[in-house]
Amino acid sequence: MKFFLFLLFSGVYHEWKANATGRSSKTVIEFLEKNYSKEIAADEEKTIKLTLRALMEVVQGKNLEVVILRRNTPLLTLDEEALNRYINEIEKEKAEEAESKKKVKK
């Protein structure tokens, strides 16, 4: 199964493998160009995490709402608990990456 990443900031629909529109979209698009891969797109969990990581590049705090669109399936809105779980995982991964970079520099 293949998943596509759509980031909509201003309500404009644009289909592509990974894209963003609206304020700060340039930053998000650059992040997606650097981090998007077919392997990530093939896994829904990884796709959601990539989407959130991209949004967290430009959004302050945890002021996010995520809706998942799938073909022939009703919209799924991530509840606060699921969203917080993803955000906590991402923050932990970022901390681990920063720690490993510190060790490499020493």
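**Reading a predicted protein chain**

Q: What share of the contacts between residues at least 6 apart in sequence join residues at least 24 apart in the protein chain?
A: The share is 42%. A pair counts as a contact when heavy atoms lie within 4.5 Å. The model is predicted.

Q: How do you know which pattern the protein chain follows?
A: Read along the sequence, the elements run β-β-α-α-α-β-β-α. That gives four helices and four strands.

Q: What makes a residue buried, and what percentage of the protein chain is buried?
A: Buried means under 20% relative accessible area. Of the 106 residues, 29% are buried.

Q: Why is Val67 called partly exposed?
A: Its relative accessible area is 43%. Buried needs under 20% and exposed needs over 50%. The value falls in between, so Val67 is partly exposed.

Q: Where does Val67 lie?
A: Val67 is part of strand E3, which covers residues 67-70.

Q: What makes up the nonpolar patch on the surface?
A: Val67, Leu69 and Leu75 form this patch. Together they have about 290 Å² of accessible area. A patch residue needs over 30% relative accessible area. Val67, at 43%, passes that cut-off.

Q: What is the accessible surface of the protein chain?
A: The total is about 7800 Å². Carbon and sulfur atoms account for 50% of this surface.

Q: What pLDDT does the protein chain average?
A: The average is 79, on a scale from 0 to 100. At least 70 is reached by 77% of the residues. Over residues 8-15 the pLDDT is below 50. In the model, this stretch has 17 contacts beyond near neighbours in sequence.

Technical notes. Residues are numbered from 1 along each chain as its sequence is written. This is a predicted model: local features need pLDDT of at least 70, side-chain atom pairs count only at pLDDT 80 or more; totals for chains, interfaces and linings use all residues. Side-chain values use heavy atoms; hydrogens and water are left out. Helices (H or I, at least four residues) and strands (E, at least two) are DSSP runs, numbered from the N terminus. Buried means under 20% relative accessible area, exposed over 50%, partly exposed in between (1.4 Å probe, protein chains only). Accessible areas come from the Shrake-Rupley method with a 1.4 Å probe; for residues, only the protein chains shown count as cover. pLDDT is the predictor's confidence in each residue, from 0 to 100. Patches are made of residues with over 30% relative accessible area and no salt bridge: like charges are joined within 9 Å, nonpolar side chains (Val, Leu, Ile, Met, Phe, Trp, Tyr) within 5 Å. A salt bridge is a side-chain nitrogen of Lys or Arg within 4 Å of a carboxyl oxygen of Asp or Glu.
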